[in-house]
Amino acid sequence: MALVASTFIFPQMGLHDPAALALSSPVFREFLDNFDGYTFKYPQNWIQVRGAGADIFFRDPFVLDENISMEASSPSSSRYKSVEDLGTPQDAGEKVLRQYLTELMSTRLGVRRESKVLSTSSRVADDGKLYYQVEINIKSYANNNELAVMPQDRIAKLEWDRRYLSVLGVENNRLYELRLQTPENAFLEEEEDLRQVMDSFRVFKALL
Ligand SMILES: *[C@@H]1O[C@H](CO)[C@@H](O)[C@H](O)[C@H]1NC(C)=O
């Protein structure tokens with residue numbers, strides 16, 4: 001894979017105000033994959049992790065469990081024409097949520113998941129293509145004493161609470177998903193950076 005990375009500073013982020021620049025850590029780097037046909041920008045201090053299961057994977061060096069991954073459907077078997085093949089953004093949101101719950105499926109006793117599609121939207125980016133955006137919350141609870149006979153002895157404890165942000169796009173007959181995950185308690189602080197990553201995602205004709 002030939003990858004080109006370049007440093008990119010978002011022009012709207014207070015270049016005239018060095019204090020604001022330092023506070024909002026606005027230096028982004030471009031990740032570009034010409035062979036699979038997608039690009040996005042990520043905070044430059046994030047670390048690429050290989051072998052994490054996705055086509056590409058980056059994680060935040062400070063916020064534990066905050067990461068970005070990109071996965072695309074198989075080039076040989078997919079026939080997508082547009083993200084509208086998934087239905088409306090709401091339909092896509094439900095599909096994405098079902099997919100995440102399947103991936104997170106646990107065989108442990110007493111695990112319960114609470115999940116919700118928080119928002120869905122669509123936008124036409126500057127490349128003229130339609131993208132869908134989905135925002136999801138999933139909470140995982142586990143009983144600390146599943147074998148207890150009395151229900152009141154089974155106390156469900158919150159194990160984790162996460163925000164998932166997903167951007168979907170179609171090109172090369174493939175469905176592409178950029179996925180960002182962050183602990184819910186870090187979301188507000190990270191939101192601005194995460195939204196810039198989402199907004200920067202583009203798919204394009206792959207070099208074959
Ligand atoms: C990515 O983040 C999620 C939670 O936000 C975490 O469960 C997962 O282990 C992380 N992936 C990697 C490979 O670090």
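Predicted model: local features only at pLDDT ≥ 70, side-chain atom pairs only at ≥ 80, totals over all residues.

Visitor: How many bridges join β4 to strand β5, and do the two run parallel or antiparallel?

Guide: There are 2 bridges between β4 and β5 (residues 56-59), and the strands run antiparallel.

Visitor: What is the strand order of the open sheet?

Guide: Reading across, you meet β4-β5-β6-β10-β9-β8-β7, 7 strands with antiparallel pairing. At the edges are β4 (47-48) and β7, each of which pairs on one side only.

Visitor: Which strands does α3 lie across?

Guide: Helix α3 lies across β6 (67-72), β7, β8, β9 and β10 (174-183). Its direction is at about 150 degrees to that of β10.

Visitor: Now the side chains, please. How many salt bridges are there?

Guide: To spot one, look for a side-chain nitrogen of Lys or Arg within 4 Å of a carboxyl oxygen of Asp or Glu. By this rule the count is 14 salt bridges. One of them joins Glu159 and Arg108, at 2.9 Å from N to O. These two are 51 residues apart in the chain: Glu159 belongs to strand β9 (residues 156-171), while Arg108 sits in the loop between α2 (89-103) and β7 (111-124).

Visitor: Why does Glu159 count as partly exposed?

Guide: The label covers values between the buried limit, under 20%, and the exposed limit, over 50%. Glu159 counts as partly exposed because its relative accessibility is 35%. Arg108, at 45%, is partly exposed too.

Visitor: Which residue forms a salt bridge with Arg163?

Guide: That is Glu135, with the closest N and O atoms 2.6 Å apart.

Visitor: Where is Arg195, which links to Glu135 from a distant part of the chain?

Guide: Arg195 is in helix α3 (residues 184-200), 60 residues away from Glu135 in strand β8. Their side chains meet in a salt bridge of 3.2 Å, N to O. Arg195 has 27% relative accessibility, so the label here is partly exposed.

Visitor: Which residues are linked in a network of salt bridges?

Guide: The network links Glu135, Arg163, Glu184, Glu191 and Arg195.

Terms used. Residues numbered from 1 in each chain as written. Heavy atoms only, no water. Helix = DSSP H or I, 4+ residues; strand = E, 2+ residues; numbered from the N terminus. Buried < 20%, exposed > 50% of the residue type's maximum accessible area, 1.4 Å probe, protein only. Pairing = 2+ DSSP bridges. Contact = heavy atoms within 4.5 Å. Axes fitted to C-alpha atoms, helices over the stretch in contact; angles between N-to-C directions.
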